[in-house]
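Have a look at the structure first, then follow each solution step by step.

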Amino acid sequence: MSILKLNSVYKKYFRGHEAFNAVNNISLEINPGDFVNIIGKSGSGKSTLLKLCAGLLTPSAGNIEFNGENLNLKSDDELSYIRNNQIGYIPQNAQALENLNVIENVLLPFYLYKHAGDGEGYARILLEKFGIEKLFKSYPDELSGGELRRVLIARAMINNPKIIIADEPTSSLDAESSKNVMEIFNNLNSDGITIILVSHDLETLKYGKKIFKMEAGNLIFNF
């Protein structure tokens, strides 16, 4: 069974009195263990598509299934719970909370809902896995761009999601930091985590298993 399925999905917006489809009749099936790359120019609809996949937006038409359940039929509270527990979403220009240190930022999703287990212990395991365990007491303004991205990935992973959805996770990073971040995603995928990743950086494509391109709201497979 697919982990994520889009069935003839549209997302309509208006500029003045003129309507346009930021996402235009997209059908897509993501299977467990996939690593999907989506590229495209700014304004092509990539971020809107990811927000739909994460349950942050409701389609104007069509429906989205996550683990066989129709997200269109879920309440806001139900969608929030699914996102917290099963979807690790890293939005474009994601930020850490400046008044919290690294481990406190990572633990935020763990404390939003009641979870069993040792959250702090697992947070430390993630930080060690991503090579930033010594920074657990540091604050965001003390981190490099690459270190901060690793913190945000750890935060997305704290509740053991079934899928990671990342929007431009390597933007504004130098080549070495970008490579390090992509290696983390690659290793997570090797561990069985499904990845959907949007990027302008063509170097990220060598890590994926499926490549799509968005143009004016349309999705092209293996362009």
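**Exercise 1.** Find which helices and strands each supply at least two residues of the lining of the largest pocket.

*Solution.* Step 1: the elements are α2 (76–86), β6 (87–90), α3 (102–112) and α5 (145–157); helices (H or I, at least four residues) and strands (E, at least two) are DSSP runs, numbered from the N terminus. This is a predicted model, where local features need pLDDT of at least 70, side-chain atom pairs count only at pLDDT 80 or more, and totals for chains, interfaces and linings use all residues. Residues are numbered from 1 along each chain as its sequence is written, and side-chain values use heavy atoms, without hydrogens and water.

Step 1: β6 gives the most, with four residues.

Step 2: sort the lining by type, and you get 14 nonpolar residues (Ala, Val, Leu, Ile, Met, Phe, Trp, Tyr, Cys and Pro), two charged (Asp, Glu, Lys and Arg) and four polar (the others, Gly among them).

**Exercise 2.** Work out how strand β8 (residues 194–198) is placed: are its residues mostly buried or exposed, and which strands pair with it?

Step 1: β3 (residues 35–40) runs parallel to β8, joined by four bridges (pairing takes at least two DSSP bridges), and F35 stands opposite I195.

Step 2: β7 (residues 163–167) also pairs with β8 in the parallel sense, over five bridges, with I163 opposite T194.
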